[in-house]
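Subject: Structure for you to look at

Hello,

Here is the structure I said I would pass on. Please open it first and then read the notes below.

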Number of protein chains: 2
Amino acid sequence: MPPATTPRTAADAIDAVRRFNRFYTRRIHILDEAHLRSDFSLAAVRVLYELAHRHAASAAELARELDLDAGYLSRILGDLGRRQLVTRQRADHDARVSRIRLTARGRARYAVLDSRASDDIAALLEPMGDTSQRRLVAAMEAITTLLDDGTTANDRPQNAAPYLLRTHRPGDLGWMVWRHGVLYSDEYGWDEHFEALVARIVSDFVANFDPAHERCWIAERDGENVGSVMAVRHPERPGVAKLRLLLVEPSARGLGIGRRLVDECIRFSRQTGYHTLTLWTNSVLVAARRIYEAAGFQLVHEAPHDEFGHDLIGQTWELSL
Amino acid sequence: MPPATTPRTAADAIDAVRRFNRFYTRRIHILDEAHLRSDFSLAAVRVLYELAHRHAASAAELARELDLDAGYLSRILGDLGRRQLVTRQRADHDARVSRIRLTARGRARYAVLDSRASDDIAALLEPMGDTSQRRLVAAMEAITTLLDDGTTANDRPQNAAPYLLRTHRPGDLGWMVWRHGVLYSDEYGWDEHFEALVARIVSDFVANFDPAHERCWIAERDGENVGSVMAVRHPERPGVAKLRLLLVEPSARGLGIGRRLVDECIRFSRQTGYHTLTLWTNSVLVAARRIYEAAGFQLVHEAPHDEFGHDLIGQTWELSL
DNA sequence: ACAATAAGGTTGACATTGTCATGTGTACGC
DNA sequence: GCGTACACATGACAATGTCAACCTTATTGT
């Protein structure tokens, strides 16, 4: 998984889309080959699919839905009818249109095709691992959602939030170390000591984990992690929670994710019974600072330090809950 | 389409993939229509594309790459040749194969097609907004990466050195935590305690780092990390080095990367003056075990443990240098 | 050196798939 | 009821894809 290259220009995005089209035209040929092992054409299979998933349909509906030529479709239906897989009868309300339905026979034939296709996909997914599968499915759903709007029916409600928060899963903690390391190196030139600090925090989190009083949130979009934060018990001060490892991927900034993560932390800390939420940050992180200020945090302490390979000013912020 | 749900069962994942296939077969028809406004067939356009993006090709290469019937392709090329868009000449090294190249004319014709296709995609993307565009591209890249490994990769010839080794850079240590967490969870069901252990190892590595006697290697392929290992001083036994965090991505297995990483470790340890190289692993990791055995490591200790949420047998292996 | 075999490419015959124009019957507004 | 639009069917045909036979050149094994 490459660090999801964000397109810099419109041309890059266009290329990426075209590259995907080429990739998927090749691929779809391979994926859709269930029909090759049957005596149905791809078009016929698609028709059968549509019929199996709606009670009855008119030819015009099918043609529109599948983008088939009316004449061509007529012939496909004729053939399916001859093989007694579908019935066609005049619609009551309009003698021009024909109600097309699958016969029991047709339904049975389709079931075979269907399970064969499922098996094919299962074979594709099987060696893949849960994490990858989830990512694949999420990415496919994202594409569908993003492209669907214009052309196909707008029958879907406005998908509410383009991201979701969840607690951590295997791999997430490592992801946090990785992305902190990469982004703070890229954006501020911090060295590996920062990455090591994050690794330490993460490992301590697991070592001392108290599910009732501590939590880690991951912001996920299209199956891809785009943000994180955790709330842990302050090691020395009872009743005080510590917010740590707030991060939002550059590609997902400006959506209010950082804000949302901090809010979630505050809500949790308050509800859990802490009286204070504290955090340590650095003066150079201005975007984060704004979030903390807006949430009501007060700057209580500042001190210069030179970890991470730079002269920095560390800050402690606190919020009374 | 429901708001990006994560699949609960394998069946859900299969359905999701099939849904996407159906969606994209419809969609690709619409996206790829640039060729409809030209006097080239889709297949011909694909051939032109391939030719435009490589210096020259043989018919067999094209047929393989585009999954076209040899006879069909021959005819397409014949037609393109007649229209003076490509030239075909015998290859020097093998009189059976023909070197096929685009002529200047062909290049010009392709450029028109190409820009038309770009315009189409641009029109698709234009109303979309930056964030959505980025999401779309990221999702497409994710799918390509996830699906590409298995099938298309096989077509790729064994290019000489498909990977390179280097020492670690910012982000690499976090990457190691992440991938260890994900892969051991996917493949063996290990829990976050393993991930935390890796994070601890990584953070200790940085805290005590002695560049002259310790090192971390990353295997990189196509700019992507695909493997790792590190050699560190044994904390208690002077003169003993420890090999840790050997990992190879599933997509890059079978290329001898694991072997190579271990060899590198041995070479380094020997050269640095250690007298022994030791490592801790688990009996379930059979692939790794084979590498250690082949490299001459001896099993010196075994003990059951139940970290990581499973009953496991830990093993210590050693090699005299 | 030579036969057997395989690979690259071409061609003819053919099947499948898709397109277009046209025709028939029906619905509907005026 | 007349004109127009729609649903569907059909004929004619073009485009696309498949298969097997064939020629030529390499490669392999003996």
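I start with the sheet in chain B. Seven strands of chain B form an open sheet with mixed pairing, in the order 3-4-5-6-7-9-8. Helices (H or I, at least four residues) and strands (E, at least two) are DSSP runs, numbered from the N terminus, and two strands pair if DSSP finds at least two bridges between them. Strand 3 (164-167) and strand 8 (298-305) of chain B are at the edges with a single partner strand each, so one side of each has no neighbour in the sheet. On average, neighbouring strands are turned by 25 degrees against each other, direction ignored. Axes are lines fitted to C-alpha atoms, for helices over the stretch in contact, and angles run from 0 to 180 degrees between N-to-C directions.

This is a predicted model, in which local features need pLDDT of at least 70 and side-chain atom pairs count only at pLDDT 80 or more, while totals for chains, interfaces and linings use all residues. Residues are numbered from 1 along each chain as its sequence is written, and chains are lettered from A and ligands numbered from 1 in the order in which they are written.

Within the sheet, strand 5 (residues 224-233) and strand 6 (residues 240-248) of chain B run antiparallel and are joined by six bridges. B:Gly227 has B:Val248 in strand 6 of chain B as its bridge partner. Helix 7 (residues 172-188) of chain B packs on the sheet, where it touches strand 4 (215-221), strand 5 and strand 6 of chain B. Contact here means that the C-beta atoms of two residues, placed from the backbone, lie within 7 Å. Helix 10 (residues 286-295) of chain B lies across strand 6, strand 7 (276-282) and strand 9 (312-320) of chain B, at about 160 degrees to strand 7.

Helix 9 (residues 257-272) of chain B has 16 residues and spans 22 Å from its first C-alpha to its last, close to the expected 22 Å; the expected span is 1.5 Å times one less than the number of residues. Its buried residues include B:Leu261, B:Cys265 and B:Ile266. Buried means that 20 or more other C-beta atoms, placed from the backbone, lie within 10 Å of the residue's own. Strand 4, strand 5 and helix 10 of chain B are among the elements that cover them. Just after helix 9 of chain B, B:Gly273 has a positive phi of about 105 degrees.

Next, the two chains together. In all, 81 residues of chain A are in contact with 73 residues of chain B. Helix 6 of chain A gives the largest share of the chain A side, 19 residues.

Last, the DNA. Helix 4 of chain A gives the most to the surface near DNA strand D, with six residues. Around DNA strand C there are 21 residues, and A:Gly71, A:Tyr72, B:Ala59, B:Ala60 and B:Gly71 come nearest. Helix 4 of chain B gives the most to the surface near DNA strand C, with six residues.

Regards

Conventions. Buried ≥ 20, exposed ≤ 12 C-beta atoms within 10 Å, placed from the backbone. Near = placed C-beta within 6 Å.
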